[in-house]
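Good morning, and thank you for coming. Please look at the model on the screen while I describe how its chains meet and how one of them is built.

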Amino acid sequence: MNSFLIKNIDEWNVFAAQLVTRLQPSMIVTLSGSLGVGKTTLVQAVARALGVKVNPRSPTFSLMRTYRTSDGSSIKRVLHVDAYRLEKSSDVLALDMDEELSEPGTVLFIEWPENLQVWMKKQTGPRLQITISIREDGAREVTMS
Amino acid sequence: MKIRPQVVKNTKKSQRSWRVLGIETSCDETAVSILRVQGSAVRVDKNLVSSQIPIHQMYGGVVPEVAARAHVVELIALLDQALGKTYMKRVDAIAVTHGPGLATALRVGLEAARCLAAVSGKPIVGVNHLEGHIASSWLNAANRRQWKFPLLALIVSGGHTELIFIKDFCEYSLIGQTRDDAAGEAFDKSAKLMGLPYPGGPQIARAALNGDSSAFALPRPMLHDGAFDFSFSGLKTAVRQTWEALSIDQREARRADLAASTQQAIVDVLVTKTILAAHQTKVRGVLLVGGVSANRALRERLGEAIKRDLRGVSFLPSDIRYVTDNAAMIAAAGAWHLQRGDAHDWKKMDVDPELDLF
């Protein structure tokens, strides 16, 4: 398990650049942490690092957004799912995530993975777990395992 | 915009009347509407939204809570209600949301619309959900009377925060948008952080009535940057820090103040940027549309600011009935396209979850 301290947007970019080297196709990256801790901010930094041309916005209401990368790496596509509004794990069926994830070169970032436990348990592919917390001084502590 | 790839017919401009069937399934709501349009005369014959109708009581079974599967059950029920025994005989054309939104949800509405177009032979037009919100303002007769281009639209909802310049019917350009959270999301998540139930917008507005909006200094990101993008994600952090700094005993007593301060921060940014954008683009009217436009403080403040700062500019908010997702607005935007002669080939239509309006 690795731990990082993030104080500003530049440090998010540095962290994202490291994270990107660990991504592989079909990987699921779970993002845990309370409201306003920086989960979407991290996905924005990852998208920049992968050469995504649009700025990811919060997927809370749309549930899922997709971005095409342009950095020529093995990651072609970023799926950004937010399970914040999903109360039952069965809701995940509606997102067609199995099919979406099977598209070559796809990596899936999931916010609030705790709301998708049943689906998560069935996934056997590569996975990274990221947990973000906020310190009293406002800095973010990020752990990755 | 991307909507005119296959022009199949060219009718005389605004002469004929259209009875348009509207279908909307881009997010949580399933909605069906029948709208009559002749020139500037508009009548909403049917406006059915699933969350307002006890479908399982009428059609049996349980409506699944999952968006896409719920749309399937609800859409059949709503189409049956709207069309009745005359089926497609009394409809001239179909307008359906084909993006942006959730792919699996959009597909339910689009496939139903394509089937209806195929069997009835009636024209079909795909509508951008955001264009639908813009058209929701036009459903209001008083707004139609003051409808003079160019216009500016502030679209504010749970999933959207956009400033859009409207040169003419169906001609749009993006002026600004949120870089992270939508305004409605800022309301909902701030409400959650201060222990208010969902949906947060109305809860914050209610709590704010008894609060002091200057009690807490919350950030107004990018307020004076001269550009028209928004950012609301930092507000969550500020609300959380403010709330957590209060002792448990203080929280009940100060919640109204924090709600009022939060609402003030969101409304300040929305109003300031909209006025500035309207001024710079020299529009003749400002539309306020989308679910968050139901917020009374936003309506009042924007209306007052337009009156005070923008001479001769009309304030054109949607009627409260049409602020949240509905199909009447989709049918209205569809009618704009149909009157221009735009239509799609049903065989070639597909959903686009990231569809742009520009």
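Between the two chains, 20 residues of chain A are in contact with 27 residues of chain B; two residues are in contact if their C-beta atoms, placed from the backbone, lie within 7 Å. On the side of chain A that touches chain B, the elements giving two or more residues are α2 (39-49) and β3 (64-68) of chain A. Helices (H or I, at least four residues) and strands (E, at least two) are DSSP runs, numbered from the N terminus.

This is a predicted model, in which local features need pLDDT of at least 70 and side-chain atom pairs count only at pLDDT 80 or more, while totals for chains, interfaces and linings use all residues. Residues are numbered from 1 along each chain as its sequence is written, and chains are lettered from A, with ligands numbered from 1, in the order in which they are written.

Let us turn to chain B, which contains 11 helices and 10 strands. Its C-alpha trace spans about 65 × 50 × 30 Å along the principal axes. Of the 358 residues in chain B, 56% are buried, meaning that 20 or more other C-beta atoms, placed from the backbone, lie within 10 Å of the residue's own. Among contacts in chain B with a separation of 6 or more, 75% join residues 24 or more positions apart.

Where does B:Asp342 lie? B:Asp342 is found in the segment after α11 (328-340) of chain B. B:Asp342 counts as buried because it has 22 C-beta neighbours inside 10 Å. B:Asp342 and B:Gly126 are 216 residues apart in sequence, and their C-alpha atoms are 9.6 Å apart in space.

Terms used. Buried ≥ 20, exposed ≤ 12 C-beta atoms within 10 Å, placed from the backbone.
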